[in-house]
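Subject: Structure handover

Hello,

Please find the structure below. My notes on it follow.

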Amino acid sequence: MRTTRRDAAWFEALYRAHHAAVLRYAVRRVGPDDADDVVAEVFATAWRRLAAVGEPPLPWLYRTAHHHLLHHQRAHAQRVRLAVRLHAEPRPDAPGPAVRDPLLDVLDRLPPDDAELLRLTAWEDLTPTDIAYVLGIAPGTVRTRLHRARQRAQTLLAETLDPAFCEEPS
Amino acid sequence: MTDLIDRLRQSDPAEGVATYDELTVRRNLNALTGTPRVTRRAPRWALAAAAALAVAALGLGPALAPTPMVNSAAAEVLTATAEAVPADPVAGPHQYWKITEQGVEVLGYNPDDDPAHASTWDAEYVATEYVSVDGTRPNWQDKKFGELTLVEGPGSPLPPEHNNARTMDLTDSNLPKVFAYPTAAFLATLPQEPTALIAALRAEAAAEQEQAGNPADLDAATFDLIRRILVSGRADAALTSALLRSTAQLPNLVLDEDVTVRGVSGVGIRLDRSGEGTAWELVLDPADGQVLGQRHVVLAPFGRWQVGEVHSESIFTRELVDAVPQELQDRALRFTCHIEDPTEIAELGMLCEAAER
């Protein structure tokens, strides 16, 4: 953002610079059908509260998107579940691969907070400090939970790839 | 463990998601910025006004009067309005600001200089100005009169209709950067910190007074300068907000809590100028941060007017359009102009001649 004056030109630059990142964030969490709505909500909030947008803006936009999804969780829940189900169960006539990446299933099986930490790390490429800002928790907590989330995910992935891995010894 | 993160990156559900094309970006920006920047909320000025009224009703303050309230409540209104000023929509350089003033003013006509034939009407009008956003193309103006309400005289003959559509060869970028020509480029040079801005405005008002040989009240002249800029439709959101905050620093402000201009409700702000004939009043919507319009209020009886009546009034709107209507371009009188004296106000410092069509 080259200008510091928070006016319409600044907002346009903000939108142009970051709408794609917010769109990808939304697609990853609610699927492509609802992603446009999330982008619109996030930038509408930014427009209403220009002075509140953080610098750099992207973590603030992610945080706003995170809040938006939390606050609208009930309204979105059905659609999100539908999106997940459609991901997991492609229509019979749908082209392309029918096999879903097992890592996405692992994310679905993790506690939501753990899964979100991994998403923000891998897909939004955020540092623990930025993740802490987005989720509203302490950076130290992020590091601790991230370590635990990775371990849990690794275990679940091993189970998924080799079910015998977790079978109780007879 | 890094492998897990790398593998997640390879499984990104957003991989290959197309970003918005330019048309979609433009459409979304227009949709977003066409909405008020600050949501409607209970205005703080209303709380202040209610508190002031409560104090007066309890006998703890001055006697309760219908209007006006001076200073603190007015400053609250100005500050609340400044805080709520919505951001400007995103303007393309090829576009025009269409600034519309809709009002009523006194119109007199005397066809043969015989006082017995002189008539006066309250004339409704709509004045329209198309201002080039980038300042590199000529601006266009028009003013059309509507309903005439006879006030005095025989009422016949009616005043002749004039074609008020016009343009000139000079563009905003050709004009000097002075208060007389409140172009966007000039207004962008003004400080936006309220104390610095009011100092600049006072200096200009004092210079105008000196040039006009009219040593009127400097506070009133400063308020009038602010009003002229605000109702010109040329100030962007940031400057509008700064001008309102600057106005709050002026002494002897008067608040009219409930005024209606052309059917639009708002609150009026003026300077207390007891003993003067009339005073201009800014009409604001503090909840939505809008400068709605202005009223010329009668403060001392003159002619047919009594104290408290409104001599003239108008409301303003500003919107972005892509083009000047062809009908206006076809009808407009064209002038070639040059700046004779950049230190003079526009009407005096610019010389224009009608151009050949």
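A:Arg28 and B:Asp12 form a salt bridge, with 2.7 Å between the closest N and O atoms. Keep in mind throughout that this is a predicted model. The pair crosses between chains: B:Asp12 sits in the loop between helix H1 (2-10) and helix H2 (22-33) of chain B, while A:Arg28 belongs to helix H1 of chain A. Both ends count as buried, because B:Asp12 has a relative accessible area of 14% and A:Arg28 is at 11% relative accessibility. The bridge is also part of a network, in which salt bridges that share partners join A:Arg28, A:Arg29, A:Glu116, A:Arg119, A:Glu124 and B:Asp12.

The interface

Across the interface of chain A and chain B the rule finds two salt bridges, and six residue pairs are in polar contact. On the side of chain A that touches chain B, the elements giving two or more residues are H1, helix H2 (32-48), helix H5 (102-109), helix H6 (112-122) and helix H8 (139-161) of chain A. H1(A) gives the most to that side, with 11 residues. By class, that side has 21 nonpolar, five polar and 11 charged residues. In total, the contact takes 37 residues from chain A and 33 residues from chain B. The two chains bury about 3,200 Å² between them, and 66% of this is on carbon and sulfur atoms.

Nonpolar cores

The largest nonpolar core has 59 residues, and those with the most contacts inside it are A:Phe11, A:Phe43 and A:Leu118. Helix H1 (residues 8-30) of chain A gives the most to this core, with 12 residues. Leaving out residues up to four places away in sequence, A:Leu118 touches residues of both chains, among them A:Leu107, A:Trp123, A:Leu146, B:Leu4, B:Ile5 and B:Leu8. A second, separate core has 36 residues, including B:Leu78, B:Phe223, B:Val231 and B:Ala242.

Chain B

Chain B comes to 10 helices and 12 strands. Of its 357 residues, 43% are buried. Among contacts in chain B with a separation of 6 or more, 62% are between residues 24 or more positions apart.

Helix H8 (residues 237-247) of chain B has nine of its 11 residues buried, so this helix is largely enclosed by the rest of the structure. B:Ala242, listed above in the second core, is one of the buried residues of H8(B). The N-terminal end of H8(B) is capped by B:Asp236, which has a side-chain oxygen 3.3 Å from the backbone nitrogen of B:Ala238.

B:Ala354 lies in strand S12 (residues 350-354) of chain B and counts as exposed, at 62% relative accessibility. Apart from neighbours within four places in sequence, B:Ala354 is in contact with B:Arg334 and B:Phe335. The C-alpha atoms of B:Ala354 and B:Arg334 are separated by 5.9 Å, although these residues are 20 residues apart along the chain.

Other salt bridges

Over all chains, the structure holds 27 salt bridges. One of them links A:Glu159 to A:Arg109, with the closest N and O atoms 3.4 Å apart. A:Glu159 is in helix H8 of chain A and A:Arg109 in helix H5 of chain A, so the pair ties together parts that are 50 residues apart in sequence. A:Arg109 is partly exposed, at 46% relative accessibility.

B:Arg295 and B:Glu281 form another salt bridge, at 2.8 Å between the closest N and O atoms. B:Arg295 lies in strand S9 (residues 290-298) and B:Glu281 in strand S8 (residues 278-285) of chain B, so this pair ties together parts that are 14 residues apart in sequence. Both B:Arg295 and B:Glu281 are buried.

Regards

Key: Residues numbered from 1 in each chain as written. Chains lettered and ligands numbered in written order. Predicted model: local features only at pLDDT ≥ 70, side-chain atom pairs only at ≥ 80, totals over all residues. Heavy atoms only, no water. Core = buried A, V, L, I, M, F, W, Y, C linked by side-chain atoms within 4.5 Å. Buried < 20%, exposed > 50% of the residue type's maximum accessible area, 1.4 Å probe, protein only. Helix = DSSP H or I, 4+ residues; strand = E, 2+ residues; numbered from the N terminus. Contact = heavy atoms within 4.5 Å. Buried area = accessible area lost by both parts, 1.4 Å probe. Salt bridge = Lys/Arg side-chain N within 4 Å of Asp/Glu carboxyl O. Polar contact = N/O pair within 3.5 Å; in protein donor to acceptor, adjacent residues only side chain to side chain. Nonpolar A, V, L, I, M, F, W, Y, C, P; charged D, E, K, R; others polar.
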